[in-house]
Structure formats: C-alpha cells, structure tokens
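I opened my notebook to get to know a new structure. Come along as I look around, one place at a time.

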Amino acid sequence: MRVLYFHQYFSSPKGAAPVRSYQMARRLVDRGHEVTVVCGNTLVGDTGIKTPFERGRREGIIDKIRVIELDLAYRNELSFLQRALVFLRFSMKSVGIALREPYDVILASSTPPTVAIPGIVARWLRGKPFVFEVRDLWPELPKAMGVIKSRPLLWALGALEWLSYRSAKRLIALAPGIKDGILRRGIDPERVTVIPNSIDHSVFTDADREPWTPEGIGPEDFVALYAGTHGRANGLDAILDAAAELKRRDRADIKILFVGDGAVKDDLVARAQAEDLDGVIFLPRTPRAEVNGLYSRADVGLQTLADIPAFYYGTSPNKFFDYIAAGLPVLNNYPGWLADMIEREQCGFAVAPGD
C-alpha cells in the first residue's frame with residue numbers, strides 16, 4: 001500500500017523535535033508499505049535531507065521513508081499571523097501534491113488543523129480514503145487559552161474541524177478527551193481510535209548513550225528536568241515559582257534544568273535572572289540524541305501545563321512518554337488522564353495546579 005503522510009512538523013531523530021510521525025512512518029515501511037512524508041522545515045526539526053531547496057522543496061530517502069520537505073520555515077517564536085500564513089501556505093502546497101502524487105491512502109496529522117485540507121481535497125476530488133490523526137482539539141484549546149478571540153475565525157476553524165472529521169474514513173485521537181471532542185461532533189465511535197503518544201525504547205537502552213551533566217550541576221545535586229517547548233500553554237512559571245520556594249528554603253542541592261526553546265523562554269530567563277534563581281539552568285534546543293544523555297543524569301521529569309480544564313483530558317504530551325520510557329518519575333501539575341495514570345501505575349507524583 002502506498003501512504004501519503006502529511007505532518008508539517010516531521011523530524012527524524014537527528015532533530016530536537018518529537019518523532020512520532022517518523023516512528024509511525026518507519027513502522028509502516030517495516031510492514032511493507034511505501035510511505036511518502038510531506039512536511040515543512042522547522043528550527044527544532046531535522047528531516048535528515050541536506051540537499052538545497054529547489055523551487056521551494058527538496059526530497060530524499062530517510063530510513064526508507066521518502067520525504068518531501070517544503071521550504072516553509074516555522075518556529076514557535078512567530079507571531080499568530082505569521083504562523084497562520086505558514087500553515088495556509090503549507091496546506092495549499094500540500095493540496096497540489098495530494099492531487100498529483102500516486103497513493104492508496106492519505107494520512108494527515110495535526111496540529112495545525114489546516115494540515116487536514118489536502119486530505120479533505122483528496123477524499124472528495126480523488127475518492128481516496130483519508131485518515132486524520134488529531135493531536136489537539138481545534139478550536140477548543142486555543143479558545144480556552146484565550147489565544148483566539150475572533151468569532152469569525154473561531155467559526156471558520158470549527159467549520160474546518162467539522163469538515164475534517166466528516167471527510168475522514170478513520171480518525172486517530174491521541175487522548176481520551178480528544179476522542180470525546182470528536183464524538184461531540186456526532187462522529188460514529190466506530191470510526192475513532194485512541195492511540196496515545198509513545199516512544200521507541202531503544203533510544204534509552206542504547207549502550208552508547210553517554211550521561212551528560214551540564215555545567216552548574218554538582219555530582220550530588222538532585223536534578224529536575226523539563227525538556228520541551230517553552231510555550232504559553234506549558235505553564236512554566238509554575239516551575240519558577242517552585243524554584244523561588246526552593247531558594248527561600250536554601251535548597252541549593254536541587255537544580256532545575258530547562259532544555260528547549262519557545263515563545264516565552266526569554267521571559268523565563270529574564271525572571272530567573274531578576275529573582276536570582278541560581279538553581280535554574282537553561283539550555284538551548286538540543287538534538288534528541290544529546291538530550292537522551294540528560295535523562296541518565298536527571299532524577300525527575302517535569303510535566304507542566306497551564307491550568308486550563310481543556311488540557312486535563314485533551315492532551316498527550318510527548319515529554320511524558322519520554323520520561324517514563326527513560327525510567328524517570330514524573331512530577332505532573334494538572335489533573336486528568338495522565339495524573340490518573342501516574343497515580344495508578346505509581347510512576348511519579350501528581351499535584352494540584354499552582355501547588
């Protein structure tokens with residue numbers, strides 16, 4: 001079977017981005033399918049293709065996966081309007097590919113929700129089966145966060161969501177709350193499957209993985225690690241609140257390590273400096289192979305989100321699965337299905353928001 005796979009943030013393990021779509025594509029190839037991935041390019045991702053772009057795209061074979069990378073740069077620091085333009089340009093170029101490429105099934109993975117557009121077009125103009133993987137509920141989450149307040153835009157996103165769900169032959173939800181959100185749109189439950197995030201255990205059992213201790217961390221220090229996007233949704237000020245309390249208690253033996261980048265990182269760094277939080281260490285975005293070395297040195301993984309009820313059952317964060325696969329207990333600061341799992345499986349601690 002020939003699979004045309006759209007995911008704007010696709011990355012190989014050489015990058016610093018999550019690799020769910022890479023792992024899914026690789027498993028499909030291992031089962032004898034031909035997979036073509038269409039993606040954009042990001043600062044945190046790395047498709048593995050090194051040839052120059054020609055006429056807005058470049059192409060290569062990465063671990064038996066055919067990758068078409070569009071020259072559409074995206075980074076978390078872009079303004080809302082800049083992001084929207086990148087999303088729309090990617091979807092329009094992807095529509096052209098969906099109308100020309102030979103394939104048997106089309107798979108699209110959000111976010112952004114506009115990635116579903118080539119699947120919708122392929123379903124209705126070419127009669128191709130469309131599978132839609134829903135990673136976040138749009139427009140529910142951005143509306144709950146207050147990121148999008150325009151009623152016409154919320155209506156348009158809701159209409160796109162409705163059309164995406166009805167055009168898809170099958171839908172994949174990454175969390176129970178996402179499935180519930182899809183079902184609220186009147187979709188037949190038989191068409192929806194929950195497949196949470198996951199991790200390839202081999203990246204944590206490789207004998208060549210070298211522990212990495214960044215500067216500023218002593219051999220006896222307890223290390224709390226946050227590895228991921230520094231965005232508004234992540235509620236990272238809660239971690240700095242904890243750092244301030246640790247400083248008040250004179251607990252210099254506990255270090256908090258932030259690894260990654262994002263829209264609020266500069267604000268976090270500025271606050272840590274202003275409050276002289278010397279127990280907090282910031283590292284830039286780092287390739288996954290190197291970040292994996294930090295898991296050998298860390299003592300706990302930090303999983304935080306802003307206190308927004310829509311997050312409780314409607315997210316499936318990559319970092320949580322990285323932490324538990326690496327054998328790290330998780331400190332989680334919001335209720336929901338992950339908190340329930342942590343308590344049930346005794347793989348960490350779940351605390352109330354703002355505690």
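Before anything else I noted what a pocket is: on a 1 Å grid over the protein atoms alone, a cavity is a set of points where a 1.4 Å probe fits but cannot get out, while a pocket is an open set with protein on both sides within 12 Å along at least five of seven lines, and lining residues have an atom within 4 Å of a point. I also wrote down that this is a predicted model, in which local features need pLDDT of at least 70 and side-chain atom pairs count only at pLDDT 80 or more, while totals for chains, interfaces and linings use all residues. Residues are numbered from 1 along each chain as its sequence is written, and side-chain values use heavy atoms, with hydrogens and water left out.

**Entry: the second largest pocket**

I looked up the second largest pocket and found 22 lining residues, with A238, A242, L246, L331 and D355 nearest its centre. Its volume is about 670 Å³ (grid points are joined across faces, edges and corners, and a volume is the space filled by probe spheres set on the points). The elements giving two or more residues to this lining are β9 (222-227), α8 (237-248), β10 (254-259) and β12 (300-303). I noted that helices (H or I, at least four residues) and strands (E, at least two) are DSSP runs, numbered from the N terminus. Helix α8 gives the largest share of this lining, 6 residues.

**Entry: the largest cavity**

Next I asked how many cavities of 30 Å³ or more the structure holds. The count is 1, and the largest cavity has about 70 Å³ of space. I listed its lining: S110, T111, P113, F132, V134, D136, W138, E161, S164 and Y165. The largest share, 3 residues, comes from α5.

Is S164 buried or exposed? S164, in helix α5 (residues 151-167), is buried, with a relative accessible area of 2%. Here buried means under 20% relative accessible area, exposed over 50%, and partly exposed in between (1.4 Å probe, protein chains only). Leaving aside neighbours within four places in sequence, S164 is in contact (heavy atoms within 4.5 Å) with A116, I120, F130 and F132.

I then turned to E161, also in helix α5, which is buried at 7% relative accessible area. Beyond its neighbours within four places in sequence, E161 is in contact with L137, W138, P139 and R185.

**Entry: the cores**

A nonpolar core is a set of buried Ala, Val, Leu, Ile, Met, Phe, Trp, Tyr and Cys residues joined through side-chain atoms within 4.5 Å. In the largest one, of 84 residues, I found that F6, F132, L171, I182 and L257 touch the most other members. Helix α2 (residues 80-100) supplies the largest share of this core, 6 residues. Another core, of 18 residues, lies apart from it and includes Y22, I49, I62 and I65.

In helix α1 (residues 20-30), I marked R20, S21, Y22, Q23, A25 and V29 as buried. The buried residues of α1 pack against β1 (2-6), β2 (34-42), β4 (65-74), β6 (130-134) and β7 (170-173). After α1 comes G32, with a positive phi near 95°.

Last, I checked why helix α10 (residues 288-297) is largely enclosed by the rest of the structure: 7 of its 10 residues are buried. They are R288, V291, N292, G293, L294, Y295 and R297.
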